[in-house]
Amino acid sequence: MNHRTALYDLHLEWGAKMVPFAGWDMPLHYGSQIAEHHAVRRGTGLFDVSHMAVVDIAGPDARLFLRRLFANDVAKLERPGQALYSCMLNEAAGIIDDLIAYLRPGGRYRLVMNAGNRERDLAWLRARAGNDRVHIRERHNLAILALQGPGAEAILRQVLDKSLGEAAAELDPFCGVWKGEWLVARTGYTGEDGYELILPNTAALELATEFCAAGAVPVGLGARDTLRLEAALNLHGSDMDESVNPLETGLGWTVAWEPEEREFVGRRALAACRERGAAWRRAGLILDGPGIPRGGQAVLFPNAAKGVVTSGGFSPTLAKGIALARIPTDCVGADTAEIEIRGRKVLAHRIRPPFVTRGAGLQGEEVVA
Amino acid sequence: MSEIPGDLKYAKSHEWARLEDDGRVTIGITDHAQEELGDLVYVELPELDRELAAAEDLAVVESVKAASDLYCPVAGRVVEVNEALADTPELINSDPYGEGWILRLQPAADADFDALLDSEGYAAVAAAGDD
């Protein structure tokens, strides 16, 4: 039987269509995925993402260990609650997973990793601990709720106790506040303002109920995917995997090259790729003709070069088909391309991702020069 | 439980067909099918006058989730398509047996309506999940 989150019964009560996802029974939607998508862009949505893997790293060498394991540098985290987005690479600089690392009080860390990569991630971390004095512990008693959208801050303040709510409201993006086992951080996967809360399973049901009583709309994994696609946030397993390095999928900004002497796993291979120039780049495409691009479809350029759609779908905000694609570097000058959709070639134009940020701000409509 | 009107014929592949008074056949997808697909965002309709055999690819409906082929329940020629679906594919979600109809066929002389299921037969298919 699949795992269930602490909110399982609540999902059923809210009328969720439950689907198996990475070994968990999760809500796909609660009636209309598109309505849920708009709720996050215009109001507040509540996601249960407790299926994600939470891994605590402690011990005297925790910092040293993670500085060696991650392409981004956890030394940038100075205050407890601060968050860092990073890739974890193999020796060839392929992306094993992407994750968020939060600094905990006392020089410990909390990692949130993809549910589908749980076993691989844990095995990789454990195999590389070597003689480091680190404790790697997966947590099973925690829930993760994401409260996302322009109304998130107001609802958070209304529901959380006064001091925690005020502290949360003052947070900058990618910062968080700890209160006992609770972490409230200004992070998310939607392109909107919002929070992710990691808390004991025992408190999750009541909190979720209160968020929704205060006006948050439950949102399933379906809208989570269209929201992150509009925000051009990569999905591991679609836009990246162990055959792709960060420079080839728009994540060069997450690689901490300084200090030079930091030898993280994959650095040598990644530096060699940077030296000779990455063969592939990430691109954003908006379809001009009818249809919906889907992952795996070919992207065709006038010079006969080919790329591939890594994530595609319908953008509820733009009401158009959109795609993230991996394209040959020598095509980065092209303003347009064709996507081969079920035997038809449909014109698309390049944009600089994201497609949508903060509600209806269609920054994406700026064509790449 | 999804709605399965008693006066329609059904294909196992989740299309419905209604024989109209003028001899034409209106085709759409079932309430069960639209529920399974989720919000529909695009419909690729066939060209007018196209001759279709039974079980031939008829149209493509795309939901937020994925693209799905529709198959022709009975042989015939396309005489009308629901143009409204170009801008409002969600009509299929809101009214699958009414405004969400997909196209009309002039059935071929040998169109085999008896091969289709009645509502009870289709209810069993829908209950068993996708075939």
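**Cavity, buried arginine and domains in a predicted model**

The lining of the largest cavity is made up of 3 nonpolar, 3 polar and 3 charged residues, where Asp, Glu, Lys and Arg count as charged, Ala, Val, Leu, Ile, Met, Phe, Trp, Tyr, Cys and Pro as nonpolar, and the others, Gly among them, as polar. This is a predicted model, in which local features need pLDDT of at least 70 and side-chain atom pairs count only at pLDDT 80 or more, while totals for chains, interfaces and linings use all residues. Residues are numbered from 1 along each chain as its sequence is written, and chains are lettered from A in the order in which they are written.

**Cavity**
- The structure holds 1 cavity of 30 Å³ or more, a cavity being a set of points on a 1 Å grid over the protein atoms alone where a 1.4 Å probe fits but cannot get out.
- Its volume, the space filled by probe spheres set on the points, is about 40 Å³ for the largest cavity.
- Lining residues, which have an atom within 4 Å of a point, include Leu28(A), His29(A) and Gln33(A) as well as Glu36(B), Asp39(B) and Lys65(B).

**Arg41(A)**
- Arg41(A) is found in helix α2 (residues 33-42) of chain A, helices being DSSP runs (H or I) of at least four residues.
- Arg41(A) is buried, with a relative accessible area of 5%, where buried means under 20% with a 1.4 Å probe and protein chains only.

**Domains of chain A**
- An automatic or database domain assignment gives domain 1 (1-277) and domain 2 (279-365) of chain A.
- The C-alpha centres of domain 1 and domain 2 of chain A lie 26 Å apart.

How values were computed:
Heavy atoms only, no water. 1 Å grid on protein atoms, 1.4 Å probe; cavity = no way out; pocket = protein on both sides within 12 Å on 5 of 7 lines; lining within 4 Å. Helix = DSSP H or I, 4+ residues; strand = E, 2+ residues; numbered from the N terminus. Buried < 20%, exposed > 50% of the residue type's maximum accessible area, 1.4 Å probe, protein only.
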